[in-house]
Amino acid sequence: MFLAGKKSTILKSETSKNITCPECNTQKSTKVSILGFYKHLFHVPFISGGKSGISECNKCKHKYNLKDMPVAIKLAYFELKETTKTPIWFFTGLIVIKSLVLIKIFSKYI
Ligand SMILES: [Zn+2]
C-alpha cells in the first residue's frame, strides 16, 4: 500500500475545431485534455504537482503526450490550459493542516 504518491486527473477536455489529426487527416476529431497532477498523503490530495496534457483522436485513437504533440495541438492545449484552474481540493491536506495550526494558535488566546 502506498501512503504517499502522485496522481493525475483530467481537469478539462475539449474537442478542438481547428485541429486536423496528423495521422488520419480527420478534422474536429482531436480531443485535447488538461491533466492535473497532485501529490497525496494517505490518499488525501496535498499539493498541486502541475499540469500536463494529452490529446486523442476520436477516429484513429492516436494519442499524443504533451512533449510530442504537433504544434497545432500544442497551441490548443495552451489555450485550454489558460482557462483551467487548479481545483481547490488539490490542496485539501494543506488546508486541513493550516486550519489545525490556526486553531492551535487561536486556542491560546481563548
Ligand atoms: Zn486521427
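Before the fold, one definition: two residues count as in contact if their C-beta atoms, placed from the backbone, lie within 7 Å. Keep in mind that this is a predicted model.

Helix 2, then. It covers residues 92–107 and lies across strand 2 and strand 3. Against strand 3, helix 2 runs at about 165 degrees.

Four strands form an open sheet, and the order is 1-2-3-4. The pairing is antiparallel. Which strands sit at the edges? Strand 1, residues 4–15, and strand 4, residues 63–65. Each of these pairs on one side only. From one strand to the next, the twist averages 30 degrees.

Look at one pairing up close. Strand 1 and strand 2, residues 30–41, pair in the antiparallel sense over 11 bridges. Take serine 8 as an example: its bridge partner in strand 2 is phenylalanine 37.

Next, helix 1, residues 71–82. Helix 1 packs on the sheet. It touches strand 1, strand 2, strand 3 and strand 4. The direction of helix 1 makes about 55 degrees with that of strand 2.

In soluble globular proteins, nonpolar side chains tend to be buried together. Here, the largest nonpolar core has seven residues. They are Ile19, Val32, Tyr64, Met69, Ile73, Ala76 and Tyr77. Which element gives the most to this core? Helix 1, with three residues.

Last stop, tyrosine 77. What does tyrosine 77 touch, leaving out residues up to four places away in sequence? Val32, Gly53, Leu66 and Met69.

Definitions and conventions:
Residues are numbered from 1 along each chain as its sequence is written. This is a predicted model: local features need pLDDT of at least 70, side-chain atom pairs count only at pLDDT 80 or more; totals for chains, interfaces and linings use all residues. Two strands pair if DSSP finds at least two bridges between them. Helices (H or I, at least four residues) and strands (E, at least two) are DSSP runs, numbered from the N terminus. Axes are lines fitted to C-alpha atoms, for helices over the stretch in contact, and angles run from 0 to 180 degrees between N-to-C directions. A nonpolar core is a set of buried Ala, Val, Leu, Ile, Met, Phe, Trp, Tyr and Cys residues joined through C-beta atoms within 7 Å. A residue is buried if 20 or more other C-beta atoms lie within 10 Å of its own, exposed if 12 or fewer, and partly exposed in between; C-beta atoms are placed from the backbone.
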